[in-house]
Amino acid sequence: MSETSDAPACTLSPERGSLSHLMRAAPGAPEPEWLIAPGFTPYEEALAFMEARADAIAAGETGELVWLVEHPPLYTAGTSAKDGDLREARFPVYRAGRGGQFTYHGPGQRVAYVMLDLRKRRQDVRAFVCALEDWIILTLAALNVRGERRADRVGVWVQRPEKPRGLDGAMAEDKIAALGIRVRRWVTFHGMSLNVDPDLSHFQGIVPCGIAEQHLGVTSLVDLGIPVTMAEVDGVLRREFSKVFGPAET
């Protein structure tokens, strides 16, 4: 496999929250490294680091890595981004090379860059995307939030019955986690972002992920009434990661 940028939607059974897309490595394989970057990581540095690390993993020169970062405020445009979805360039805009459309990164949002070798796990990009969603859903469940998939929308959503419904009567829903991946030589990079306590007004400069319906918005753990710190979220992410992808080493 050479390269792919788009994150395909999951084709699942009606029990869409079930753990049917485990991506654990073969027994005896080295555990992926788990790193948490201090402070704010400039986006250009993150891109350069991921490119180099993914190439090194593919060449067998180093091991897998899960890298947790926070970025300063910025917008990224995936391979499917439409120019009209950038409403106001309040912050720097970067062409990311990942799948997906426009998204926002900034303080209070945990970004997980997941660099795994699918040759040692499961050579199935669709299953990898679903496994990322499983990881997020498990993490949210541990924090007493019900995250859900949607057949026509990549990412993880929460229902908001207290908000106005759509014109067709559809339940209001907010996106709490976004996904955008790239796979080169069967090594993954980019990953997912989980809104812990970002400034939600910063999303107003874009059409997040190209979704503009009035009853669909963006939320965070703190917005949902979960007073959690980034360090606490990191601990849960680490624990739930092992259930889907296997253990990771510090």
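Mentor: A salt bridge here is a side-chain nitrogen of Lys or Arg within 4 Å of a carboxyl oxygen of Asp or Glu. The model is predicted, so local features need pLDDT of at least 70 and side-chain atom pairs count only at pLDDT 80 or more, while totals for chains, interfaces and linings use all residues. Residues are numbered from 1 along each chain as its sequence is written, and side-chain values use heavy atoms, with hydrogens and water left out.

Trainee: How many salt bridges does that rule give?

Mentor: The count comes to 20 salt bridges. One of them pairs Arg160 with Glu162, where the closest N and O atoms are 2.7 Å apart.

Trainee: Are those two buried or exposed?

Mentor: Buried means under 20% relative accessible area, exposed over 50%, and partly exposed in between, using a 1.4 Å probe and protein chains only. Arg160 is buried because its relative accessibility is 8%, whereas Glu162, at 54%, counts as exposed. Through shared partners, salt bridges join Arg160, Glu162, Lys163, Asp174 and Asp223 into one network.

Trainee: Which parts of the chain does the bridge between Arg182 and Glu51 link?

Mentor: In that salt bridge the closest N and O atoms of Arg182 and Glu51 are 3.9 Å apart. The pair links distant parts of the chain, with Arg182 in strand β10 (residues 173-184) and Glu51 in helix α1 (residues 43-58), 131 residues apart. Helices (H or I, at least four residues) and strands (E, at least two) are DSSP runs, numbered from the N terminus. Arg182 counts as buried at 15% relative accessibility, and Glu51 is partly exposed at 27%.

Trainee: Staying with β10, what does it pair with?

Mentor: Two strands pair if DSSP finds at least two bridges between them. Strand β9 (residues 153-159) runs antiparallel to β10 and is joined to it by four bridges; Trp157 stands opposite Lys175 in β10. With β11 (residues 187-195), β10 pairs in the antiparallel sense over eight bridges, and Ala177 has Leu194 in β11 as its bridge partner. Strand β12 (residues 216-218) runs parallel to β10, with three bridges between them; there Glu173 is partnered by Leu216.

Trainee: What happens at the turn between β10 and β11?

Mentor: The hairpin has two residues between the strands, and Arg185 takes a positive phi near 55 degrees.

Trainee: How many residues of β10 are buried?

Mentor: The count is 12 of the 12 residues, so β10 is largely enclosed by the rest of the structure.

Trainee: Changing topic, what about helix α2?

Mentor: Helix α2 (residues 125-142) has 18 residues and reaches 26 Å from its first C-alpha to its last, close to the 26 Å expected at 1.5 Å a residue; the expected span is 1.5 Å times one less than the number of residues. Of its 18 residues, 14 are buried, so α2 is largely enclosed by the rest of the structure.

Trainee: Which residue caps its N-terminal end?

Mentor: Asp124 does, with a side-chain oxygen 3.1 Å from the backbone nitrogen of Arg126. After α2 comes Asn144, whose phi is positive, near 65 degrees.

Trainee: And the overall picture?

Mentor: The protein has three helices and 12 strands. Of its 250 residues, 54% count as buried. Taking contact as heavy atoms within 4.5 Å, residues 24 or more positions apart account for 72% of the contacts with a separation of 6 or more.

Terms used. Polar contact = N/O pair within 3.5 Å; in protein donor to acceptor, adjacent residues only side chain to side chain.
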